[in-house]
Amino acid sequence: MESSLELTTSLPGTYPPLLRSRIFKIIVIGDSGVGKTCLTYRFCAGKFPDKTEATIGVDFREKVIEINGEKIKVQLWDTAGQERFRKSMVQHYYRNVHAVVFVYDVTNAASFRSLPAWIEECRQHSLGQEVPRILVGNKCDLQHALQVGTELAQKFADSHSMPLFETSAKNPDDNDHVEAIFMTVAHKLKSQKPLMLSQPPGGGGAPPLGKSEEEEEGGWSCNC
Amino acid sequence: MYLKKSKRVGASSPLNGIGKQDWDSRRKRKMGEISQALGVTPVDVAALRRMAISEGGLLTDEMRCRVWPKLLNMNTDNLPDKPAADLRENHKDYHQVLLDVRRSLRRFPPGMPDDQREGLQEELTDIILHVLDRNPQLHYYQGYHDIVVTFLLVLGERLATVLVEKLSTHHLRDFMDPTMDNTKHILNYLMPIIERVNPEVHDFMQQAEVGTIFALSWLITWFGHVLSDFRHVVRLYDFFLACHPLMPIYFAAVIVLHREEEVLDCECDMASVHHLLSQIPQDLPYETLISRAGDLFVQFPPSELAREAAQQNSQQTAASTFKDFELASAQQKPDSVLRRRRKERAETQAQAQAQAQAQAQAMVVARPRAKRLIRLAVMGLTVALGAAALAVVNTALEWAPKLDLQFFP
Ligand SMILES: Nc1nc2c(ncn2[C@@H]2O[C@H](COP(=O)(O)OP(=O)(O)OP(=O)(O)O)[C@@H](O)[C@H]2O)c(=O)[nH]1
Ligand SMILES: [Mg+2]
């Protein structure tokens, strides 16, 4: 399936242009309790939430970021981790996502072992290979309770050609790391697709300006 | 119990513009009526149902302790002992339950001391695991704990345990299947109800492809997960306990319809509409909405909607294979089209309403159309509620779990 990035923008020529920013739609998945809600909250609100609750169904969070002068809306779909919600419920939200964030908990080996099932889940929702995926090991602040080592996780990430990020939604000293992770995804998405909104109103037919700042596969991996 | 707060405030709760003194005396009278219905042998369950539905519900938590069991046809003379704590660790859902209960802080009254809250969280875990252990056919879902905590806070551990067990094998049964297919099926009632009342809102939501997941937590927690004021939660529980198990989905529809202006002003895409609707306003006019949900139930009973609800499944799959839905909706320019249609419709409606007002004295429950329910509500809560209560009493008797669902595999 084609990535539908450009479809969230107005279509040149058909209508007067909507002054809308581009939207990047990112789905966040992983076992219950790994910290999906905390991570997405941390990115959007800039802090660790003092109380989270179980996510029932799908929660939506949004943040406007700026990359090279372009304002971009990053939409995060924070999904429920419990298995029963995946099958019939969350499906709807896989449609037209631009990137996938897989999350496991570094203090919980079971959440790491579930990753193949989550990857399979994505496959079943026919997300194409070109949809960027990243792997996030959360709760790194709990070093004493570590169950999943970096080496093992890195191997797994490599075998699925995903970059790995180890982080903590909670750690107050590590102010920008969570943000940096989502920003990396956004940069990747931006570079993947040419700028549609630079089209002149009325769609003068000029092809999208500027070859995208194409990066090589693997050229955007972890730097944490 | 610790919920003195809920009792106290019940007395002065704002009741949709009804004068305070007036309400005080009506409240007193209602307390008397509830006690009377409880005092006769056999207990007048039909009257209790009406009380639970009508304005203010059951008023206090003491009343709830006495009436909720009756609404579930339960005899609470011989309560079993406290559930044993030893089954815990072995249960397959133990970890999930623990995780959810630990994160349930917001469900407890804000000023409650930590140790008291922690004690209650232990009890909460015990109740859930006890019921699951005794009923292997029931499967835990995230959100179940939001329902159980409400019963625990109102009724205390022992009474809550038996009521929750009964509720889980009846009203909540469909949510507790191995899969959520039946839950999804129930959610499928939402759009047909909305369509009956306000086709424009319906079309707009369809166009946005918002789906129904925004209402999932409302449905499976009976709004316990999303309402921060405990008084509102228990008021709704009065209503739902007295009604047909599908009533929460009617209530969900009523909330959406209540926000029709906001919805139609929203950007017509999945994210915007989902975001808007899933943020439930905390100052909803509950009494009005309850009465409206009752009306809708009478006007469009589940049997009338069942076929459409069943068809939604196939439609939904069709929609999801329709590849570039964003492309499609961009081409149809939904915002402007829908806005125009909305304006046209508003004009015809204004004319129709002028006519309708002339006939408004006669309450016609027969062939319902768009604005009728609003008229009903204006005519007086009691009239409408009377009708709604009657209907729910009747259907509650006939109701068997999954009755509707069996016909539509
Ligand atoms: N120490 C630590 N705790 C964390 C971190 N992230 C999340 N938590 C805690 O882990 C628990 C689960 O976090 P959530 O964000 O609610 O987990 P989730 O993945 O959204 O879970 P579901 O909604 O059930 O799927 C909470 O109690 C958080 O406080 C972290 O980075 N460090
Ligand atoms: Mg969550």
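Residues are numbered from 1 along each chain as its sequence is written, while chains are lettered from A and ligands numbered from 1 in the order in which they are written. In this predicted model, local features need pLDDT of at least 70 and side-chain atom pairs count only at pLDDT 80 or more, whereas totals for chains, interfaces and linings use all residues; side-chain values use heavy atoms, with hydrogens and water left out.

**Chains and secondary structure**

- Chain A has 6 helices and 6 strands, where helices (H or I, at least four residues) and strands (E, at least two) are DSSP runs numbered from the N terminus; along the sequence they follow the pattern β-α-β-β-α-β-α-α-β-α-β-α.
- Chain B, by contrast, comes to 23 helices and 0 strands.
- Among contacts (heavy atoms within 4.5 Å) with a separation of 6 or more, residues 24 or more positions apart account for 73% in chain A and for 77% in chain B.

**Magnesium site**

- The magnesium ion, ligand 2, is coordinated at 2.0 Å by OG1 of A:Thr37 and OG1 of A:Thr55, donors being N, O and S atoms within 2.8 Å of the metal (3.2 Å for Na, K and Ca); water is not among the atoms, so sites may look incomplete.
- Because A:Thr37 lies in helix H1 (residues 36-45) of chain A and A:Thr55 in the loop between H1 and strand E2 (58-67), the pair ties together parts that are 18 residues apart in sequence.
- A:Thr37 and A:Thr55 are both buried.

**Largest pocket**

- The largest pocket has a volume of about 1500 Å³; a pocket here is an open set of points on a 1 Å grid over the protein atoms alone, where a 1.4 Å probe fits and protein lies on both sides within 12 Å along at least five of seven lines, and lining residues have an atom within 4 Å of a point. Grid points are joined across faces, edges and corners, and the volume is the space filled by probe spheres set on them.
- The lining of the largest pocket comprises 49 residues, of which A:Ser32, A:Gly33, A:Val34, B:Leu99 and B:Arg103 are the closest to its centre.
- Two or more lining residues are given by each of H1 and helix H2 (83-88) of chain A and H5 of chain B, and H5(B) provides the largest share, 5 residues.
- By class the lining has 15 nonpolar, 18 polar and 16 charged residues, with Ala, Val, Leu, Ile, Met, Phe, Trp, Tyr, Cys and Pro counted as nonpolar, Asp, Glu, Lys and Arg as charged, and the others, Gly among them, as polar.

**Nonpolar cores**

- The largest nonpolar core has 150 residues, and those with the most contacts inside it are B:Trp68, B:Phe151, B:Phe223 and B:Phe251; such a core is a set of buried Ala, Val, Leu, Ile, Met, Phe, Trp, Tyr and Cys residues joined through side-chain atoms within 4.5 Å.
- Helix H14 (residues 247-258) of chain B contributes the largest share of this core, 10 residues.
- Apart from this core lies another, of 26 residues, which includes A:Leu39, A:Ile65, A:Ile134 and A:Ala186.
- Not counting residues up to four places away in sequence, B:Phe223 touches several residues, among them B:Trp218, B:Leu236, B:Phe240, B:Phe251 and B:Ile280.

**Backbone geometry**

- Most residues other than glycine have a negative phi, and most peptide bonds are trans.
- The peptide bond from B:Thr41 to B:Pro42 is cis, with omega near -10°, and B:Pro42 is found in the loop between helix H2 (20-39) and helix H3 (45-53) of chain B.
- A:Lys139 has a positive phi, near 75°, and is placed in the loop between strand E5 (133-138) and helix H5 (150-159) of chain A; A:Lys139 counts as partly exposed because its relative accessibility is 23%.
- B:Trp222, with a positive phi of about 50°, lies in the loop between helix H12 (216-221) and helix H13 (230-242) of chain B, and counts as buried because its relative accessibility is 1%.

Definitions and conventions. Buried < 20%, exposed > 50% of the residue type's maximum accessible area, 1.4 Å probe, protein only.
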